[in-house]
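Please keep the structure in view while reading.

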Amino acid sequence: MSVFRKVFEDMGNAISDLSTLEVTMFEGSVDINAESKLDNIAEVLEAAKGNADVKCKLVASTKSFIDGDIVAFYDHEIDEVQRNAHAELVDMATESRQATIDMIKDILDNPGGI
Amino acid sequence: MARGEDLLPPNLGALGDSLDLAVAKRHLPNPALVDGSPNQHIYDSKAYLKALRSRLIDLGYLSEGFGKRNRRRFRVERAFVRAIKTFQQEAGLLPDGWAGPRTWQVMNCLVSFENDQEATNWALEHLDKADICENPAVHRAIYLRLYAMGFFQTWVGKKIHTKTDFDLKKNADYREALQQFKAFCIKLKLLPSVPEVNRVEAYSFEFTLINCLYKYDAFIDALARPELFTICKTKYRRQIEAIARIELWLQGYRSNPGADTFYIKVRRERGRSIKQSSMARAIADYWRDYSDRVEHAMEKQTVSAQLFQSFAFDVHDPTDDKDLASNIDDDLRNILADKKTKKTLEKQFDAISNGIWDGVKRVTRWLLRMIKRVIDYSVDFIANIARFISKKARKFFSYIAQTVNIVHSGFTYFKNAVFTSVSGNRMIIGKDGDFDHRVLIDPSLTPDQINSALSDYGFHTRVYCAATRILSRLIRMFSEVVRTIVSPLPWLSSLVALVRFAKNAYLIKNEIDVLNNIRAVQSAQSAMLRPQVA
């Protein structure tokens, strides 16, 4: 399968879940082999859980909806650096999602290009 | 002119005089006149226009202008066209203002001394003898002819001009000149003798008189007769001299017809300039060319019956029809017979050939230098253009490569789910297809390490955003191409598409520049775009 076709299929799948955006931040230590290939964060967290010495804790979570509603959670022990990093990640994710939506809109407007 | 003649070797001068004589006898075309000009567009040529203007001025249709400038000009201005029309109207031609061959022929018949005229054969259409006598153009021509032949009392003030009155009843000078001419003709037995001039005839033109006036050769023949010359030489000295002057001028000598004589400085003696009249000089020149025809030295500078006999001999010369080439051959044979003149001629030809050869060499060298310069300049110019194109092409290729790189990096970012940063994978960012993010931060990380990791990841998101925008532009560009191909107005669509294409290309370039700036600020290596995301 060609790269572009796969990309556009992935994009099509993503559209269905573009209405919400969730950014979650955990604190914990994890040891991952540099050569290992990770496909999603679930595997990482799973690997973290496997380590008995590791304490993985939710420190911040933000869920924003397409209609503008935002639900945010911050642990009371979160430090300033983590708070700022969380906010910055929310901005980056929002920007990436918006860029994707704009591109899809352009493609729909100019189907002749495809 | 006189100084130039003095500088010429005698035999070359003789050759020139032979050529002048040939021109005068119409064996060769006169370069100063339009007749016989090789110019195919003769009636538009400058020489023709100047000759025409000169004749119109001579006939009083056009003014001389300040400093006689109208004779030197060849412009076709309104006054000139008006003068032509007036002449055409008076001469009985179609007054269209265009002086073609017919107008020129009529004008020549009226003005020229070169050919005898039979007034009844004139090209004035639908005119009988009475009409010719009443024709205003003929009146002007008669006036001019009488003036040139010296029948007016003085040269000054009597010359024809635009205000001249050609009515015999009103113009006493004209009337008197005509009467004097008539008497002169009677003396020369060109007209029958009458007891006394009729009062009525004094105010009108007679056809026989006009015909006589235009039989110019008849005057030469009559004055060649010693008894007639003797009768007239005292009373009509001025007129005889004027006729001689005309004939000399026709034969190419500088005799200034239709004007008073002038003096030429010929040499200096004892601190004083010795002057000679133009007429005496012309006669002397004439006799020098025909030295075998005169015996007495005294005759050589005065107008005499012998001079007219020589003129008459020229007019009726059986050798007139002699081939010009044989004349030139004879002249050359004479020149080459004398060793001294032959040597002089050879020297002259040597000098001329050397001059021509030097000129050719100089022109060749100049041309070679010019060609070399042009080639050098062209090579430099082409090299500069090639450098410019190469520079632009490199830049263009660079932008294309970066575009491909950015799009590839953007989609790699979109495809990848987990990004690790900081040595030991102590900060992991997981991204889902719907851009949900989950981040795991090691508590031991310092704030700087966290910020550095976020900065790296932020650059990836920026690359992704730029890639989506670039892709949008590319899709628009391809869309324009498709629209142009299927459009019913391809040329219009092509123009619009070209404008949009250029605009999108410019925006893609901007995206690349912005990313390059960010990369520069972060001091990141260009290679980070791909391997870090992958």
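Among contacts in chain B between residues at least 6 apart in sequence, 58% join residues at least 24 apart; two residues are in contact if their C-beta atoms, placed from the backbone, lie within 7 Å. In chain A, 57% of the contacts with a separation of 6 or more come from residues 24 or more positions apart. This is a predicted model, in which local features need pLDDT of at least 70 and side-chain atom pairs count only at pLDDT 80 or more, while totals for chains, interfaces and linings use all residues. Residues are numbered from 1 along each chain as its sequence is written, and chains are lettered from A and ligands numbered from 1 in the order in which they are written.

Chain B has 19 helices and five strands, where helices (H or I, at least four residues) and strands (E, at least two) are DSSP runs numbered from the N terminus. Chain A has three helices and three strands, and its elements follow the order α-β-α-β-β-α from the N terminus. Of the 534 residues of chain B, 29% are buried; for chain A, with 114 residues, the share is 22%. A residue is buried if 20 or more other C-beta atoms lie within 10 Å of its own, exposed if 12 or fewer, and partly exposed in between, with C-beta atoms placed from the backbone.

In soluble globular proteins, nonpolar side chains tend to be buried together. The largest nonpolar core here has 68 residues; such a core is a set of buried Ala, Val, Leu, Ile, Met, Phe, Trp, Tyr and Cys residues joined through C-beta atoms within 7 Å. The residues with the most contacts inside this core are B:L56, B:F87, B:L146, B:F181, B:L223 and B:I243. Helix α8 of chain B, residues 136–148, gives the most to the core, with nine residues. A second, separate core of 25 residues includes A:V59 along with B:V418, B:I429 and B:Y457.

Leaving aside residues up to four places away in sequence, B:L146 touches B:F151, B:F152, B:A177, B:L178 and B:F181. B:F87 lies in helix α5 (residues 78–90) of chain B and counts as buried because it has 26 C-beta neighbours inside 10 Å. With residues up to four places away in sequence again not counted, B:F87 touches B:L56, B:L59, B:Y61 and B:A137. B:L56 is 31 residues from B:F87 along the chain, and their C-alpha atoms are separated by 8.1 Å.

Helix α14 (residues 278–289) of chain B holds B:Y286. This tyrosine, B:Y286, is buried because 26 C-beta neighbours fall inside 10 Å. B:Y286 touches B:L248 and B:Y253, not counting residues up to four places away in sequence. Its C-alpha atom is separated by 9.0 Å from that of B:Q251, 35 residues apart along the chain.

B:K189 belongs to the loop between α9 (172–187) and α10 (207–213) of chain B. What is the phi of B:K189? Phi is near 60°, a positive value in a residue other than glycine. B:K189 is partly exposed because it has 13 C-beta neighbours inside 10 Å.

Two packed helices are described by the angle between their axes and the distance between the axes. Axes are lines fitted to C-alpha atoms, for helices over the stretch in contact, and angles run from 0 to 180 degrees between N-to-C directions. In chain B, helix α17 (residues 339–415) and helix α18 (residues 447–486) pack at an angle of about 120°, with their axes 8 Å apart. Residues of α17(B) in this contact include B:I406, B:F411 and B:F414, and those of α18(B) include B:V463, B:Y464 and B:L471.

The axes of helix α3 (residues 80–109) of chain A and α18(B) come within 9 Å and cross at roughly 10°. α3(A) and α18(B) are therefore roughly parallel to each other, a term for angles under 35 degrees, with those over 145 counting as roughly antiparallel, 65 to 115 as roughly perpendicular and the rest as oblique.
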